[in-house]
Amino acid sequence: MANKFDIVGSLAKGLQVIEAFRAEQSRMSISDVAAVTGLDRATARRSLLTLHHLGYADYDGKFFTLTARVLRLGMGALAAMPLAQIVQPWLDQLSDRIGQSTSVSILDGAEIVYLARAAQQRVMSIGLMPGSRLPAHCTSMGRVLLAALPSEEACVLVETSDLTPRTAHSLTQPAEIMARIEAARRDGFCVIDQEVELGLRSIAVPVYSVHGRVVAALNTGVAAVQASAENLVDLYLEPLQKTQEGLRRVLR
């Protein structure tokens, strides 16, 4: 365990600044970053200018945006993760079989982080790739992963999440969301109907290790063209479960 004298404070603050940038807030001023991170304005300014100097951020005189160079910080780590390497060929095979995009993600606090993806077509307005994040409470993979936690722990994560509705179909009451999470625990899968984005439905199952531990979630996201979301169960649950069983035999 590192003590306080082993911690490089400036590095920690720089990482805070990088993490402040999100898909919904990709252009930020010094004041914006200070507000999001809780850092004072002078510290936020120095961190941002350092990122700009090193090529990790662009600066137009008022707003900063991260550059593609930042991907070096995460892509190498993701690619080196055994789980991402193991699941990718299974995702590719599943995606080819069902003709839809497939993904695997893990839980990080109240968010899911995409580890691997096989894209057939773009069904969301935002591009998803390894490293992308979405709220756990309103996504099929997120609810499956929350269902793997003790109910009390999942409830705390839901109640402390930003439940601002993303669409008219979004659930915003913790009790309603927890009911769906409990259903995912009971059923072994979760279906989401246009809660993340209009026109998008998805179905997810947990990914187990050989020891029976939930290590990730697997899903497919499709355009909302079926008569009802329940049709996803008939169309895609069996292929997802076959991939689930295949991964269970190889994941430690």
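## Tyrosine 114

A residue counts as buried when its relative accessible area is under 20%. In this predicted model, tyrosine 114 has a relative accessible area of 4% and is therefore buried. Tyrosine 114 lies in strand β4, which spans residues 111-118. Glutamine 25 stands 89 residues from tyrosine 114 along the chain, and the C-alpha atoms of the two residues are 19 Å apart.

## Packing of α5 and α9

Two packed helices are described by the angle between their axes and the distance between the axes. For helix α5 (residues 82-98) and helix α9 (residues 231-248), the axes come within 11 Å and cross at roughly 160°. Angles over 145 degrees count as roughly antiparallel, and α5 and α9 are therefore roughly antiparallel to each other. Their crossing is right-handed.

On the α5 side, the contact is formed by Ile86, Val87, Trp90, Leu94, Arg97 and Ile98. Helix α9 contributes Tyr236, Pro239, Leu240, Lys242, Thr243, Gly246 and Leu247. By class, the residues of the contact between α5 and α9 comprise 9 nonpolar, 2 polar and 2 charged.

## Packing of α7 and α8

Helix α7 (residues 151-159) packs against helix α8 (residues 174-187) at an angle of about 140°, and the two axes lie 10 Å apart. This angle makes α7 oblique to α8. The crossing of α7 and α8 is right-handed.

The contact involves Ser151, Ala154, Cys155, Val158 and Glu159 of α7. From α8, the residues taking part are Pro174, Ile177, Met178, Ile181, Glu182 and Arg185. The contact of α7 with α8 divides into 7 nonpolar residues, 1 polar residue and 3 charged residues.

## Cysteines

With a disulfide taken as a pair of cysteine sulfur atoms within 2.5 Å, the count comes to 0 disulfides. Cysteine 138 is in no disulfide, and the nearest cysteine sulfur, that of cysteine 190, is 11 Å away. The relative accessibility of cysteine 138 is 3%, so this residue counts as buried.

Technical notes. Residues numbered from 1 in each chain as written. Predicted model: local features only at pLDDT ≥ 70, side-chain atom pairs only at ≥ 80, totals over all residues. Heavy atoms only, no water. Axes fitted to C-alpha atoms, helices over the stretch in contact; angles between N-to-C directions. Helix = DSSP H or I, 4+ residues; strand = E, 2+ residues; numbered from the N terminus. Parallel < 35°, antiparallel > 145°, perpendicular 65-115°, else oblique. Left-handed = near helix turned anticlockwise from the far one by under 90°. Contact = heavy atoms within 4.5 Å. Nonpolar A, V, L, I, M, F, W, Y, C, P; charged D, E, K, R; others polar. Buried < 20%, exposed > 50% of the residue type's maximum accessible area, 1.4 Å probe, protein only.
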